[in-house]
Amino acid sequence: MRALRIAAAVELVTLAALLVNLVTVHTDAVTALGGPVHGTAYLAVIALTWATTPAHTTPGTRPRAVVPGVGGLLVLRRLRGGRPPAPPVS
């Protein structure tokens with residue numbers, strides 16, 4: 001769980017840095033470093049979510065991991081019980 005929290009934070013921070021860089025000075029060094037780090041953190045969030053959450057976890061936990069930028073935070077919120085799941089439709 002700790003690794004997932006770290007990867008989610010890195011994913012969000014690098015995305016913010018890339019977007020700020022894009023709308024301001026657009027320094028190539030920031031893009032060259034931030035892009036691969038963000039991509040690696042994104043893939044780490046997906047892999048860690050699928051590896052650490054059992055298949056019977058609340059429905060929708062694993063698919064949230066693939067949301068770019070905030071997927072890791074959504075997964076962590078779901079795992080902490082941030083919002084109860086919707087009741088099944090009969």
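Among contacts in the chain between residues at least 6 apart in sequence, what share join residues at least 24 apart? The share is 54%, where contact means heavy atoms within 4.5 Å.

## The model

This is a predicted model, in which local features need pLDDT of at least 70, side-chain atom pairs count only at pLDDT 80 or more, and totals for chains, interfaces and linings use all residues. Residues are numbered from 1 along each chain as its sequence is written, and side-chain values use heavy atoms, with hydrogens and water left out.

## Overall layout

You're looking at four helices and zero strands, running α-α-α-α from the N terminus. Helices (H or I, at least four residues) and strands (E, at least two) are DSSP runs, numbered from the N terminus. Along the principal axes, the C-alpha atoms fill a box of roughly 55 × 25 × 15 Å.

Of the 90 residues, 27% are buried. Buried means under 20% relative accessible area, exposed over 50%, and partly exposed in between (1.4 Å probe, protein chains only).

## Inside: the core

The largest nonpolar core has eight residues: L4, A7, A8, V45, I46, A65, V75 and L76. Such a core is a set of buried Ala, Val, Leu, Ile, Met, Phe, Trp, Tyr and Cys residues joined through side-chain atoms within 4.5 Å. Two or more residues each come from α1 (2-23), α2 (28-52) and α4 (71-80), with α1 giving the most, three.

Take V45: skipping neighbours within four places in sequence, its contacts are L4, A7, A8, E11, A65, G71 and G72.
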